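Me: I would like to go through this entry by question and answer, starting with the fold and then turning to the contacts. The sequence and structure come first.

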There are 2 protein chains.
Amino acid sequence: MPLGKPRGERADAKRNRLRLLATARRMMAEGGPESVTMDALAERAGLGKGTVFRRFGTRAGIFRALLEEEAVRFQELVLAGPPPLGPGAGPAERLVAYGRVRIGFLVDNLEVARAAMERDSRLPAVQVDMTFAHVRMLLRQADLGVRDPDSLAMQLAAALEGPLLLYVSSGRDAEAPGSEAGLRLADAWQDLVERLFRSGPK
Amino acid sequence: MPLGKPRGERADAKRNRLRLLATARRMMAEGGPESVTMDALAERAGLGKGTVFRRFGTRAGIFRALLEEEAVRFQELVLAGPPPLGPGAGPAERLVAYGRVRIGFLVDNLEVARAAMERDSRLPAVQVDMTFAHVRMLLRQADLGVRDPDSLAMQLAAALEGPLLLYVSSGRDAEAPGSEAGLRLADAWQDLVERLFRSGPK
DNA sequence: AATACAACCGGGGTAAAGTCCGTTTAGAAG
DNA sequence: CTTCTAAACGGACTTTACCCCGGTTGTATT
């Protein structure tokens, strides 16, 4: 009993999903995230409002989807990247490299990331899970003699996640547009990790 | 030139502010944060909606105010507390103690904290500022030989702030109600700090 | 090709956040 | 006590996220 298919996404549904994402991106480029209202999005995409909600659940869901599209690229970069990132270097080096790239990614996608957690307050779980899993993996490999490496991984992941950057980039005077702040954070991350590893494997 | 007063808060305004906060707390105890709508709050407090918005700006503002009331107690505890917290111990010990207490505080106030960042996405700046400032102070005192202690402080503060806890407490199976997760985080924090300091002051 | 049904579509309806502005009042000054 | 004004008040109004459900369409099966 082959049971056919796991009931995949219907062709028309897929078409509409892509159409909506594309439209959302265009609207965002033109008028910022606030301009992407559900009504306007539906109309400009030539679809009903109900359809938009069916696909994305909430407004934040749209931005999450947008962010995830980018995250796929990011993920590939990390997994298949050259040695400081991908396999081929020590855990410390990889962790440093990963953090730097991750921070850069978030800085580049600040607006979307911010919109993605509006009205949800909880972080986009998928993203955090990815970060957490990666950090945990490297931490386990490193085999520092920590009591609870997984919780440590959680704490470290916090330093690489959206809310921190949102804070840094929102409070400060309008000058440093975020990219500079991102650089400082990346350097600090490197310091943090190196210090952590220098304290010895046991 | 005494210049009179800086035009303080009017008596009726103060009365109403307190009345609103008390009402909000009561409503939250009864029906959770979702039950605190602006209309309902205004009505139950016997005031107009405009008044509510004048005082708190946004819905999240109400929860921020609530959280801040608690935070005052917390702040006093930290500043005046017995030696592991207040002055009288080394920076490492103080940092560990502070983190543990801070995590506990947030776990105790998860619901309010979550509601306080709804629809704002940026953290309650006041809170983060406090945490950041405290960590930075202790870090400077410790005089590890870090290139940029302030950025490091930022990263560490991230491990003590709301979003992290929200994530930990929301994703996991419903069993560990958060207090257990908080304990693991607190232990991990201790590990992290101790390791960081063990890596030597230069 | 016909049938069945699950998934999708549309758009009017609801509730709640946030805005506006005319009215009222606290409290300082004369 | 009267006057004056900045601040506070109220509640109707607007906007927008989100829900509902009858009608339509894609897809698999025979």
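Me: In what order do the elements of chain A run from the N terminus on?
Reply: This is a predicted model. The secondary structure of chain A comes to ten helices and zero strands. Read from the N terminus, the order of elements is therefore α-α-α-α-α-α-α-α-α-α.

Me: What percentage of the contacts in chain A between residues at least 6 apart in sequence join residues at least 24 apart?
Reply: Chain A has 202 residues, and buried ones make up 49% of them. Among its contacts between residues at least 6 apart in sequence, the share joining residues at least 24 apart is 67%.

Me: How many residues does the largest nonpolar core have?
Reply: The residues with the most contacts inside this core include Trp189(A), Phe197(A) and Leu156(B). Leaving aside neighbours within four places in sequence, Phe197(A) is in contact with Pro91(A), Ala92(A), Leu95(A), Leu139(A), Ala142(A) and Leu144(A). The number of residues in the largest nonpolar core is 111.

Me: Is Tyr98(A) buried or exposed?
Reply: Tyr98(A) is found in helix H5 of chain A, residues 91-108. Beyond four places in sequence, Tyr98(A) touches Phe74(A), Val78(A), Leu85(A), Met130(A), Thr131(A), His134(A), Val135(A) and Leu160(A). Its relative accessible area is 1%, and the cut-off is under 20%, so Tyr98(A) is buried.

Me: How far apart in space are Tyr98(A) and His134(A), C-alpha to C-alpha?
Reply: His134(A) is among the residues that Tyr98(A) touches. In sequence the two are 36 residues apart, and their C-alpha to C-alpha distance is 8.7 Å.

Me: Which residues form one aromatic cluster with Tyr98(A)?
Reply: One of the contacts of Tyr98(A) is with Phe74(A). The cluster that holds Tyr98(A) also contains Phe74(A) and Phe105(A).

Me: Which class of aromatic pair do Phe74(B) and Tyr98(B) form?
Reply: Over all chains, a search of the whole structure finds four aromatic pairs. For Phe74(B) and Tyr98(B), the centres are 6.1 Å apart and the planes are at 50 degrees, which makes the pair tilted. The pair links distant parts of the chain, with Phe74(B) in helix H4 (residues 59-80) and Tyr98(B) in helix H5 (residues 91-108) of chain B, 24 residues apart. Both residues are buried, and the class of their pair is tilted.

Me: Why does Asp148(B) count as buried?
Reply: Asp148(B) sits in the loop between helix H7 (125-142) and helix H8 (149-158) of chain B. Buried means under 20% relative accessible area. Asp148(B) counts as buried because its relative accessibility is 19%.

Me: Which residue is joined to Asp148(B) by a polar contact of 3.0 Å between side chains?
Reply: Not counting residues up to four places away in sequence, Asp148(B) touches Arg184(A) and Asp191(A). The polar contact of 3.0 Å joins the side chain of Asp148(B) to that of Arg184(A).

Me: Which element gives the most residues to the surface near DNA strand C?
Reply: Among the 22 residues that surround DNA strand C, the closest are Asn16(A), Gly48(A), Lys49(A), Gly50(A) and Lys49(B). H1 and H3 of chain A, together with H1 and H3 of chain B, each supply at least two residues of this surface. With five residues, the element that gives the most is H3(A).

Me: Which residue has a polar side-chain atom 3.4 Å from a phosphate oxygen of DNA strand C?
Reply: Met38(B) has a backbone N or O atom 2.9 Å from a phosphate oxygen of DNA strand C. The polar side-chain atom at 3.4 Å belongs to Arg54(A).

Me: How many residues of the surface near DNA strand D are charged?
Reply: The residues that come nearest to DNA strand D include Lys49(A), Arg59(A) and Gly48(B). The largest share of the surface, five residues, comes from H3(B). By class, the surface has five nonpolar residues and six polar ones, and the number of charged residues is eleven.

Me: Which residue has a backbone N or O atom 3.3 Å from a base oxygen of DNA strand D?
Reply: Of the atoms of DNA strand D within 4 Å of the protein, 66% belong to sugar or phosphate and the rest to bases. Ala11(A) places a backbone N or O atom 2.9 Å from a phosphate oxygen, and a polar backbone atom of Gly48(B) is 2.8 Å from a phosphate oxygen. The backbone atom 3.3 Å from a base oxygen belongs to Gly50(B).

Technical notes: Residues are numbered from 1 along each chain as its sequence is written. Chains are lettered from A and ligands numbered from 1 in the order in which they are written. This is a predicted model: local features need pLDDT of at least 70, side-chain atom pairs count only at pLDDT 80 or more; totals for chains, interfaces and linings use all residues. Side-chain values use heavy atoms; hydrogens and water are left out. A residue is near a molecule or strand if one of its heavy atoms lies within 4 Å of it. A polar contact is a pair of N or O atoms within 3.5 Å; within protein, one must be able to donate a hydrogen and the other to accept it, and residues adjacent in sequence count only if both atoms are side-chain atoms. Helices (H or I, at least four residues) and strands (E, at least two) are DSSP runs, numbered from the N terminus. Ala, Val, Leu, Ile, Met, Phe, Trp, Tyr, Cys and Pro count as nonpolar, Asp, Glu, Lys and Arg as charged, and the others, Gly among them, as polar. A nonpolar core is a set of buried Ala, Val, Leu, Ile, Met, Phe, Trp, Tyr and Cys residues joined through side-chain atoms within 4.5 Å. Buried means under 20% relative accessible area, exposed over 50%, partly exposed in between (1.4 Å probe, protein chains only). Contact means heavy atoms within 4.5 Å. Rings of Phe, Tyr and Trp (its six-membered ring) pair if their centres lie within 6.5 Å; planes under 30 degrees apart count as stacked, over 60 as edge-to-face and the rest as tilted.
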